[in-house]
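Please keep the sequence and the three-dimensional view at hand while reading.

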Amino acid sequence: MKDKIGWIDNLRAVACLMVIMIHTTTWYVTHAPVVGERTWDLSNLLNSASRVCVPIFFMLSGYLFFGERSAQGRHFLRIALCLAFYSAVALAYITWLTPISEGLSLKYVFQKPVFYHLWFFFAIIGIYLLSPLIQVKPVTAGYLAMVTLVLAVLANPNTVDQSVGRVHWLPLNLYISGDSFYYVLYALFGRAIGMMDTHRRGVNWLAGLVFIASVAGIAMGTKKQMAINGAFADTWYLYCGPVVFIAAVSLLILFKNGLNQRPLPILAAISRYSLPIYGFHALFIHFMRTHGLDNTRHPLLDIPLVFTVALMGSLLLGVFLHRIDKRRLVS
């Protein structure tokens, strides 16, 4: 269990940092006409490398709850309270510090989150609800590779259309639709890989190379798609896209094998406060971007600045919240 906790905490912390990096660099990748090509390329690369963050969270949830243990009443209570608490915080921020209509936010509160990053709390509820029904069996690496090829690549509705002459052959139509299918698939893979013996010669190198190649594919695909469309397109950024899926699987294996001892000190702290960091960070980034506290003319200074302020600000709020939330209901 010590090994399992080690790699989970390390990976959860890295995924949390990746979430902040995505939201830090989004301004640049969506404003290509006003930023230089080098700046856009750097932001695109950082964003592409961080795209696995949300899939990783689903994988970790699957590893924890798609086995002998499943989500209990306290887990549902906690996710409901987190959704209510961080939505209330976001609503207060919207009301007092932005011109955004709080009325519209409340009107559609059951259709979409109050603030954009809170959508994850809605999506994870489905994983929790299914967990008592699912207990993943041990499978072979070959089987998972086949499932990845068929479901995550060939039949993935997010796979870029491919045709030969008049014959449209990709994606295959296996009647898969909706991101929820892939959120569940991520959770299933998280449990299956977590149970699997992945400590074999060359696996770490292979996983690392696949992750690097996947990040390069996401970045280059995004740049190519932008050239085709004449504007930014998130085709390759989608959390349920085929290349992101492969990158997430490879990173999970890499951490399970290579960082499976005690959590690293810094990562342990981030993992401990990952929930409030996730809940608060987007508000810091939004405030800086909309109140002239960033420095987009100097991106090499701006990106580390916004990232650090968002991380440290939400971390400090997380420490404070931990002190008053003794039962850890929202922290």
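The points below are grouped by topic. The structure is a predicted model. In this model, the largest nonpolar core has 99 residues, a search of the whole structure finds 0 disulfides, and the count of salt bridges comes to 6.

**The nonpolar core**

- In soluble globular proteins, nonpolar side chains tend to be buried together.
- Among the 99 residues of the largest nonpolar core, Phe58, Phe121 and Phe189 touch the most other members.
- Helix α1, which spans residues 2-29, supplies the largest share of this core, namely 15 residues.
- Beyond its neighbours within four places in sequence, Phe58 is in contact with Trp119, Phe120, Ala123, Ile124, Ile127, Tyr183, Tyr186 and Ala187.

- Val164, Val167 and Trp169 make a nonpolar surface patch of about 310 Å².
- Val167 belongs to strand β2, residues 167-170.
- Val167 counts as exposed because its relative accessibility is 53%, and the cut-off for that class is over 50%.

- A disulfide is a covalent bond between the sulfur atoms of two cysteines.
- The search of the whole structure finds 0 disulfides. Cys16 is accordingly in no disulfide, and the nearest cysteine sulfur, which belongs to Cys53, is 9.3 Å away.

**Salt bridges**

- The count of salt bridges in the model is 6.
- Asp9 forms one of them with Arg12, and their closest N and O atoms are 2.9 Å apart. Asp9 and Arg12 are 3 residues apart in helix α1, so about one helical turn separates them. Asp9 counts as buried, at 19% relative accessibility, because buried means under 20%.
- Lys223 and Glu37 meet through their side chains in a salt bridge of 3.0 Å, N to O. Lys223 lies in helix α9 (residues 203-229) and Glu37 in helix α2, so this pair ties together parts that are 186 residues apart in sequence.
- Lys223 also forms a salt bridge with Asp41, with the closest N and O atoms 3.2 Å apart. Because Asp41 lies in helix α2 and Lys223 in helix α9, this pair ties together parts that are 182 residues apart in sequence.

- Is Asn47 buried or exposed? Asn47 is buried, with a relative accessible area of 0%.
- Asn47 is part of helix α2, residues 37-49. Apart from residues up to four places away in sequence, Asn47 touches Ile22, Thr25, Thr26, Val29 and Tyr237.
- Asn158 sits in the loop between α7 (141-154) and β1 (162-164), and Asn158 counts as partly exposed at 21% relative accessibility.
- Asn158 and Trp236 are 78 residues apart in sequence, and their C-alpha atoms are 8.5 Å apart in space.
- Leaving out residues up to four places away in sequence, Asn158 touches Asp179, Leu238, Cys240, Gly241 and Pro242.

**Backbone geometry**

- Most residues other than glycine have a negative phi, and most peptide bonds are trans.
- Leu170 and Pro171 are joined by a cis peptide bond, with omega about -5°. Pro171 is placed in the loop between β2 and α8 (179-195).
- Tyr175 is not a glycine, yet it has a positive phi of about 60°. Tyr175 is found in the loop between β2 and α8, and Tyr175 is exposed, with a relative accessible area of 73%.
- Arg328, also not a glycine, has a positive phi of about 55°. Arg328 is found in the segment after α13 (299-324), and Arg328 counts as partly exposed at 33% relative accessibility.

Notes: Residues are numbered from 1 along each chain as its sequence is written. This is a predicted model: local features need pLDDT of at least 70, side-chain atom pairs count only at pLDDT 80 or more; totals for chains, interfaces and linings use all residues. Side-chain values use heavy atoms; hydrogens and water are left out. Patches are made of residues with over 30% relative accessible area and no salt bridge: like charges are joined within 9 Å, nonpolar side chains (Val, Leu, Ile, Met, Phe, Trp, Tyr) within 5 Å. Accessible areas come from the Shrake-Rupley method with a 1.4 Å probe; for residues, only the protein chains shown count as cover. A salt bridge is a side-chain nitrogen of Lys or Arg within 4 Å of a carboxyl oxygen of Asp or Glu. Helices (H or I, at least four residues) and strands (E, at least two) are DSSP runs, numbered from the N terminus. Buried means under 20% relative accessible area, exposed over 50%, partly exposed in between (1.4 Å probe, protein chains only). Contact means heavy atoms within 4.5 Å. A disulfide is a pair of cysteine sulfur atoms within 2.5 Å. A nonpolar core is a set of buried Ala, Val, Leu, Ile, Met, Phe, Trp, Tyr and Cys residues joined through side-chain atoms within 4.5 Å.
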